[in-house]
Structure formats: C-alpha cells, structure tokens
Amino acid sequence: MGLSDEQFFSAIETSFKVFPKLFIADVGISITDKEKYVMARQPESFKLNLAEGVKLAEDSAAIKAMKTREKQMAKYPKEVFGFPVIAYSVPLINDSTGNVVGTISYVVSLERENQIISMVHELKELSSEMAASSDELASSTEELSSSTQNMSDLINKTKDGITSMDEILKYINTISNTTNLLGLNAAIESARAGEYGRSFSVVSKEIRKLALNSKDSANQINDTLNQQKENINNIINFINDYAATSEAQASQSQQIAASSEKLNELSVKLLNFSKNVSQ
C-alpha cells in the first residue's frame, strides 16, 4: 500500500535536516507546500527572505516546478539580494498518487563563481597579451640574429681583405730588401771608384736610406694590420657568441609564444567550464 500525500510530505519533512549536508557549498534550503514555505534553513554566508509561512511568489521557481512537474532554475542578479544567486526547485511528486504536494528548493550564491569567471577573463586577457608580446619578441630576435649574421659576414670579408694586404706588404719588403742590396752594391762600387765615385756614393746612401724607411714603414703597417686583425677576430668571436645567444633567445621566445597560446586556450576552456558550473 502506498503513502498518502500527507504521509509522503511528512516523510520529506522528517528528512529535511539531512538535506543541507548533501551540498558542499553553503546553501539556503526550504520545503514548500503548494502555497508557502513550510520549512526553511538560512545559509550561513548570506541571507535570503526564506521563512516558514511566507507565501510563494507567483513567478517563483517553486510555483513553476509544481506547474511543469519538472526541476526549475532561476537566476537573480546582484540588485535583488545584494549578490547574485541561483535558485533551484524540484517538485515533490508522490508516486503513489501522482500528485505534486510541494517542492524542495535551494539557493546558492554565485558571488564566488562570478569572481572566478572575472579572474578567468583577466587570465585570458593576460595570456593573449603575453602571446602577442612573445610573438613580437621572437620576430625581433630573429631579425637581430639575421642582422648579426650579416655583420659577421661583412667583418669576415674585411678580414680577408687585410689578409690580402699581407701579400702586398711582403712585396714591399721584397722591394725594400732588393733596394737595400742595390744601395749596398752601389756603395761598394763607389768605394772602388774612389774620387770619381763620390757622387755615386751619395746616391747609394739615399737608395739605402729609402730602402730602410720603406722597410720600417712596411713593418709599422704590418704591426697595425696585425693589431686590426686581432681586434676583428675579437669582434667576430663576440658576434658569433652574440648570434648564438640571439638564436637561443629566438627559440626560447617561440617556446614562450607557444606556451602563451596554450595558456590562452586553457583560459578559454576554464572560462567555459566556470560558466557551465554556475548553471
């Protein structure tokens, strides 16, 4: 034999104290008959106009649940209670009689959910900005790496030019040595000629002087070029190290951009999840 509507409703009332323990969140929960609140429990973290004996509003979720015989949901903006809430009403249907005898209704604050959604929006915006900045950083770093390589190529060409000048210096030294030898031979011949070779001796001295000056100048140029080559080698080594660092930075920037994009996608998923949870 089934329960009468009165017995069914009384059994629900007896179980009322257990209902709040079924929820993780702090909820306001109530049992209504067809017209009013019969039992009510206020939430601890916020207050609602729940009170035993208060008549149900015609547009309430409880009235709609009894009319449709289905669970109803209603959201209330912050302006109504001072904070956003969501209310659910489940019709109490006695299977024995098929009659709707009332509802179980519960209300949950959406303030925390709204805060989470707000933070997710900020996270999404931040991740989008990070992705854009990372893309720009990767692009500029790649350009810098390319410019560094061009500079390295130019300095290598300069180094090759200085190496070519070594051959010219060798030729100048050869001429200097030959000229010096000619001057020495001329001095010997002028000494043999005695009085008649005096003027020739003056010429031989000038030739040897020119040869020595040419050799000194060539040596100075050689020392200067060697110093320049050393400086250029140092510059090349620096540029190569810098280029390697730039390439590493470009790779890291691309990884950051990829990670930022994944973060952005995760933010969108989290945002959608947060919205679904609050429904």
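Predicted model: local features only at pLDDT ≥ 70, side-chain atom pairs only at ≥ 80, totals over all residues.
Which residue takes a positive phi in the hairpin of β4 and β5?

**View 1. The hairpin of β4 and β5.** Glycine 98 is the residue with the positive phi, near 80 degrees. Six residues lie between the two strands of this hairpin. The strands themselves, β4 (residues 85–93) and β5 (residues 100–109), are antiparallel and are paired over nine bridges.

**View 2. Residue pairs between β4 and β5.** Isoleucine 86 has valine 108 of β5 opposite. Tyrosine 88 has tyrosine 106 in β5 as its bridge partner.

**View 3. The open sheet.** The sheet contains five strands with antiparallel pairing, in the order β2-β1-β5-β4-β3. At the edges are β2 (37–41) and β3 (72–76), each of which pairs on one side only. From one strand to the next, the twist averages 15 degrees. Strands of a sheet pair through backbone hydrogen bonds, in a parallel or an antiparallel manner.

**View 4. Strands β1 and β5.** These two strands run antiparallel and are joined by six bridges. Within this pairing, glycine 28 is opposite valine 107 of β5.

**View 5. The setting of β5.** Strand β5 is largely enclosed by the rest of the structure, because ten of its ten residues are buried, that is, under 20% relative accessible area. Helix α2 (residues 61–68) lies across β5 and also across β1 (27–32), β3 and β4. The helix runs at about 140 degrees to β5.

Methods: Residues numbered from 1 in each chain as written. Heavy atoms only, no water. Pairing = 2+ DSSP bridges. Helix = DSSP H or I, 4+ residues; strand = E, 2+ residues; numbered from the N terminus. Axes fitted to C-alpha atoms, helices over the stretch in contact; angles between N-to-C directions. Contact = heavy atoms within 4.5 Å. Buried < 20%, exposed > 50% of the residue type's maximum accessible area, 1.4 Å probe, protein only.
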